[in-house]
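Keep the structure in view as you read.

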Amino acid sequence: MLQREEIERIVDDLLTADRERRVVPLLTARHPGMDIEDAYAVQALWAERRAEAGHRIVGHKIGLTSKAMQAATGITEPDYGVIFDDMVLENGAVLAYDDFSNVRVEVELAFVLDKPLTGPSCTLFDVLDATKYVVPALEILNSHIELRGRTVVDTISDNAAMGVMVVGGRPVAADAVDLRRVSALLYRNETIEETGVAAGVLNHPAAGVAWLANKLAQHGTSLAAGEIILSGSFTRPMWLERGDTVHADYGDLGAITCRFK
C-alpha cells in the first residue's frame, strides 16, 4: 500500500502533466508494489482536487469492457473513472488538439439514470429499470501516463484516461431498441476506420453499468439519479491528428460529429 505522501505526489504529477500537456513515466515502474486499491486512492484524491477547483462530478465512465479494448491495451479487466461537468460536450463540438497530451476516440452508449443504483447485487435488469434514456456518445481519451507497458493500475490512477465525451444522436428509452444490437460506423475524415456492435461490451452495455454499481459498492459509494454513465467502448480506440474530423453513424440512433483544430 502506498503512503498518503506518495499518493499526493502522484496526484500533483498528474495535475501538472495535464496543465503542461505531457505524460509522466509509468507509475507501476516507479512504485512496483502499487496495486488497484492504491490506484483508486490516487483517482479519488485527483477527483477531490478537481472538485476543490470548482468542477462538479456528473457521472462515471467504464473502461476496458470489450474484447476489442482489452486486446488493444493488453489489460483484461474493466476499470472506471469519473466524469466532470467540463468533460461533457455537445454534438458538433470543435476541440483544440493542443488541449490533449494524446488523442484517441472510442464509440460508446451513455446511460442517463432516473433512479439511483447501489451494489453489491445490482443486475442488468436493475440498470434497465433505473435508466431514463440511452444516447450515443464518443469518448475522447487523454492519457497523462506513457502508454507503452501500462497496466490497469496506471490507467485507473489516470482517471481511466478520460478526456472528454461528445453526446449526440437520438436518445431512446432502454426498452425501445435492442441495445445489444446497436451498431456504429466510425469515420475519420470520411473514411471508415472502425465498426462495432454494443453487445461487445460484456454481452450487453447495461451489464457494464451493473458492474460499475457493484464495483463502487466496494468503495463505499453508489450511482445517483441523474448521472450519465459511459458504458464502455465497442470499438478499438482510433488515433487522431490535428485537423481530423470524426463522424460516428449509429444508424437509427443518429450520428455524432466533432472536429480537432
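Strand 4 and strand 13 (residues 255-260) run parallel and pair over 2 bridges. Strands here are DSSP E runs of at least two residues, helices are H or I runs of at least four, and both are numbered from the N terminus. Two strands count as paired if DSSP finds at least two bridges between them. Within this pair, Val 94 faces Arg 259 of strand 13.

This is a predicted model: local features need pLDDT of at least 70, side-chain atom pairs need pLDDT 80 or more, and totals for chains, interfaces and linings use all residues. Numbering starts from 1 along each chain as its sequence is written, and side-chain values use heavy atoms, without hydrogens or water.

Now widen the view. The pair belongs to an open sheet of 5 strands, ordered 4-13-12-8-9, with mixed pairing. Strands of a sheet pair through backbone hydrogen bonds, either parallel or antiparallel.

An unreviewed UniProt entry places "domain: Fumarylacetoacetase-like C-terminal" at residues 91-260; such annotations may be inferred rather than shown by experiment, and positions follow the numbering used here, with feature names shortened. That stretch is 16% helix and 34% strand, and its end C-alpha atoms lie 13 Å apart.

Turn to strand 6 (residues 131-141), which holds Thr 131. Is Thr 131 buried or exposed? Thr 131 is buried, because its relative accessible area is 10%; buried means under 20%, exposed over 50%, partly exposed in between, with a 1.4 Å probe and protein chains only. Beyond neighbours within four places in sequence, Thr 131 is in contact (heavy atoms within 4.5 Å) with Phe 111, Val 112, Leu 113, Asp 114 and Ala 174.
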